[in-house]
Amino acid sequence: PSVTSRTPMTGGSSLGIVILAVADLPRSVAFYRSAFGWTASVDTPVYVEFQLPAGMRLGLYRRAGFARNIGEAPHEIPPGTVAATELYLFPDDLEATVERLVSARGRPLSALIRRDWGDEVAYFADPDGNVLALARSPGA
């Protein structure tokens, strides 16, 4: 048998992908496509992955498949509540993206206002209660 050698990482690691466990994969895929216009680079019956700008990736995994991989079922978020997960996004056109999220039935959490740290941010929840922050930094 062959053994693959890996060089240990020094100074930390890089974020490769963010994966969210979702209750209804087709619903979540439709939501993210409608809200952001992203296209899938991976599309299977249990997992869909979007290629985002700047090399980032977002995966949506059907809960049962996610649970099978980690050996434990993720907590389900009751309707009308939010998860302890936030995706902080900087859309090219903030106002248009806010409108698309409303049209996609994202649940508004907090209006678009300037926050204490300087960014203008609007908060929404996706169909599974994950928090989506749509932001613009000062001067952008």
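Predicted model: local features only at pLDDT ≥ 70, side-chain atom pairs only at ≥ 80, totals over all residues.
Val22 is buried, with a relative accessible area of 0%. Buried means under 20% relative accessible area, exposed over 50%, and partly exposed in between, with a 1.4 Å probe and protein chains only. Val22 sits in strand β1 (residues 18-22). Helices (H or I, at least four residues) and strands (E, at least two) are DSSP runs, numbered from the N terminus. Not counting residues up to four places away in sequence, Val22 touches Ser28, Leu60, Tyr61, Arg62, Arg63 and Asp128. Contact means heavy atoms within 4.5 Å.

Residues are numbered from 1 along each chain as its sequence is written, and side-chain values use heavy atoms, leaving out hydrogens and water.

**Overall layout**

The protein has three helices and eight strands. From the N terminus on, they run β-α-β-β-β-α-β-α-β-β-β. The C-alpha trace spans about 60 × 35 × 25 Å along its principal axes. Of the 140 residues, 36% count as buried.

**The cores**

A nonpolar core is a set of buried Ala, Val, Leu, Ile, Met, Phe, Trp, Tyr and Cys residues joined through side-chain atoms within 4.5 Å. The largest one holds 24 residues. Tyr32, Phe36, Trp38, Phe50, Leu60, Leu101 and Leu134 touch the most other members. Elements giving two or more residues to this core include β1, β3 (47-51), β4 (57-62), α3 (94-103) and β8 (131-136). Helix α1 gives the most, with six residues. Leu134 has contacts beyond its neighbours within four places in sequence, among them Phe36, Leu89, Leu101, Val121 and Phe124. A second, separate core of five residues includes Val121, Tyr123, Val131 and Ala135.

**The largest pocket**

What is the volume of the largest pocket? It is about 450 Å³. The search runs on a 1 Å grid over the protein atoms alone; a pocket is an open set of points where a 1.4 Å probe fits, with protein on both sides within 12 Å along at least five of seven lines, and lining residues have an atom within 4 Å of a point. Points are joined across faces, edges and corners, and a volume is the space filled by probe spheres set on them. The pocket is lined by 18 residues, of which Trp38, Leu52, Pro53, Leu89 and Phe90 lie nearest its centre. The largest share of the lining, three residues, comes from β5.

**Charged residues**

A salt bridge is a side-chain nitrogen of Lys or Arg within 4 Å of a carboxyl oxygen of Asp or Glu. The count comes to six, including these:

| Pair | N to O distance |
|---|---|
| Arg33 and Asp43 | 3.8 Å |
| Arg114 and Glu120 | 3.7 Å |
| Glu120 and Arg136 | 3.1 Å |

Salt bridges that share partners join Glu95, Arg114, Glu120 and Arg136 into one network.

Arg33 is partly exposed at 36% relative accessible area. Asp43 is exposed at 54%.

Arg115 is buried yet has no salt bridge. The nearest side chain of opposite charge, Asp116, is 8.0 Å away. Lys and Arg count as positive, Asp and Glu as negative; His and the chain ends are not counted. Arg115 lies in the loop between β6 (107-114) and β7 (120-125).
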